[in-house]
Amino acid sequence: MTLVLATDFTDSAAQAADYALALANQFHARLVIVHAYEPRADGPTDSVHTLARLEQIKEQLTHRSKGSVEVSVVARHGEPRVSIKAVVAEEQADLLIMALADDRPYTARFMGSLPTDMIPQTVVPMLILPPCSSYKPMKTVVLAIDLSEPTDAVILGKVKEFVQVLGVSLDIICMDDNPDSQRMEAAERIQELFDGLPHTFSFLPGYDLTTTLDDYSVTHPADLIVMLPKHHNRLAIWLMESVTQQVARQSLLP
């Protein structure tokens with residue numbers, strides 16, 4: 001298993017590195033750290049400086065893991081989105097980890113950043129960390145699901161594997177004020193899929209998923225929010241923010 005962490009050398013990215021290292025250790029995965037940067041007139045000097053910083057991070061993480069996690073680094077000049085996607089493909093990554101870039105939590109919450117822009121462009125799962133997230137062992141994961149469209153059983157199976165590896169309980173929620181019989185049946189099928197794992201399923205009222213999740217977390221503390229991918233055409237992606245992007249931008253949870 002391979003985890004790719006994109007870093008911009010901010011404080012948030014430094015804490016994201018600690019988070020990624022803990023996950024890599026838990027999943028017995030290798031960790032690849034990539035920094036993508038726009039080329040400048042002093043390109044060679046900038047490249048050497050970037051590699052030096054990456055090597056320093058590698059040494060620190062290798063020392064912290066006592067060598068149990070294989071850590072490698074990649075410096076890639078070019079447009080960040082393109083460069084990060086290329087490294088993910090080259091490394092055959094199973095997970096891309098990024099932190100919201102702004103070290104001021106509420107600026108990142110309202111403005112978003114490169115990680116939220118990349119959500120509709122990635123072909124592997126993403127873990128987006130709020131600014132300055134600190135890793136702690138996970139106990140509960142919330143799966144936010146939309147039953148207005150058919151749910152991909154293969155992707156749900158991957159979620160099940162993920163939950164099993166983490167050894168956590170799963171709270172499945174669907175924002176629906178008045179679910180019809182078809183959605184109730186879909187909910188039952190999903191619960192059957194997770195049979196044998198500690199989980200709950202709740203239909204919650206509301207019109208804004210971020211607000212609903214915030215309200216839910218008051219009485220049901222969680223450590224991670226999981227959302228499933230949905231297809232959007234290019235025009236929709238260009239014109240407006242998806243629900244997943246909105247939640248990733250505004251949530252105080254990874």
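The pLDDT is the predictor's confidence in each residue, on a scale from 0 to 100. The structure described here is a predicted model, and this score stays under 50 over residues 235-240, a stretch for which the model has three contacts beyond four places in sequence. Averaged over the protein, the pLDDT is 84, and 87% of the residues score at least 70. Confidence is highest in strand 1 (residues 2-6), with a mean of 95, and lowest in helix 4 (residues 105-111), with a mean of 45. The pLDDT is also below 50 over residues 103-112, a stretch that has 18 contacts in the model beyond near neighbours in sequence. Where pLDDT is low, the predicted coordinates should not be read in detail.

The protein contains ten helices and nine strands. Of its 254 residues, 44% count as buried. Among contacts with a separation of 6 or more, 80% are made by residues 24 or more positions apart.

Five strands form an open sheet in the order 3-2-1-4-5, with parallel pairing. The edges of this sheet are strand 3 (71-77) and strand 5 (126-129); each has a single partner strand, so one side of each is left without a neighbour in the sheet. With direction ignored, neighbouring strands here are turned by 20° against each other on average. Strand 5 pairs with strand 4 (residues 95-99) in the parallel sense over four bridges. Within strand 5, I128 is the bridge partner of M98.

Another open sheet has four strands in the order 8-7-6-9, and its pairing is likewise parallel. Strand 8 (199-204) and strand 9 (224-227) lie at its edges, and each has a single partner strand, so one side of each is left without a neighbour in the sheet. From one strand to the next, the twist averages 25°. Strand 9 runs parallel to strand 6 (residues 140-144), and four bridges join the two. The bridge partner of L143 in strand 9 is V226. Helix 8 (residues 209-219) packs on this sheet, where it touches strand 6, strand 7 (169-175), strand 8 and strand 9; the direction of helix 8 makes about 140° with that of strand 7.

In soluble globular proteins, nonpolar side chains tend to be buried together. The largest nonpolar core of the model has 47 residues, and those with the most contacts inside it are L23, L31, I33, I97, L143, I145 and F194. Helix 1 (residues 11-27) gives the most to this core, contributing eight residues. Leaving aside residues up to four places away in sequence, F194 touches L143, L156, V159, K160, L170, I172 and H199.

Helix 3 (residues 80-90) has P80, S83, I84, V87 and V88 as its buried residues. Seen down the axis of helix 3, these residues fall within an arc of 135°, so they line one face of the helix. An α-helix has 3.6 residues a turn, so residues three or four places apart point the same way. The buried residues of helix 3 pack against strand 1, strand 2 (30-37), strand 3, strand 4 and helix 5 (114-118). On the other side of helix 3, V82, A89 and E90 are exposed.

Backbone geometry was also examined. Most residues other than glycine have a negative phi, and most peptide bonds are trans. Q92, which follows helix 3, has a positive phi near 50°, and Q92 is a residue other than glycine. Q92 is placed in the loop between helix 3 and strand 4. F9, also not a glycine, has a positive phi of about 70°. The loop between strand 1 and helix 1 holds F9. Buried residues have under 20% relative accessible area and exposed residues over 50%. With a relative accessible area of 18%, F9 is therefore buried, whereas Q92, with a relative accessible area of 65%, is exposed.

Key: Residues are numbered from 1 along each chain as its sequence is written. Side-chain values use heavy atoms; hydrogens and water are left out. Contact means heavy atoms within 4.5 Å. Two strands pair if DSSP finds at least two bridges between them. Axes are lines fitted to C-alpha atoms, for helices over the stretch in contact, and angles run from 0 to 180 degrees between N-to-C directions. A nonpolar core is a set of buried Ala, Val, Leu, Ile, Met, Phe, Trp, Tyr and Cys residues joined through side-chain atoms within 4.5 Å. Buried means under 20% relative accessible area, exposed over 50%, partly exposed in between (1.4 Å probe, protein chains only). The arc is that of the directions from the helix axis to the C-beta atoms.
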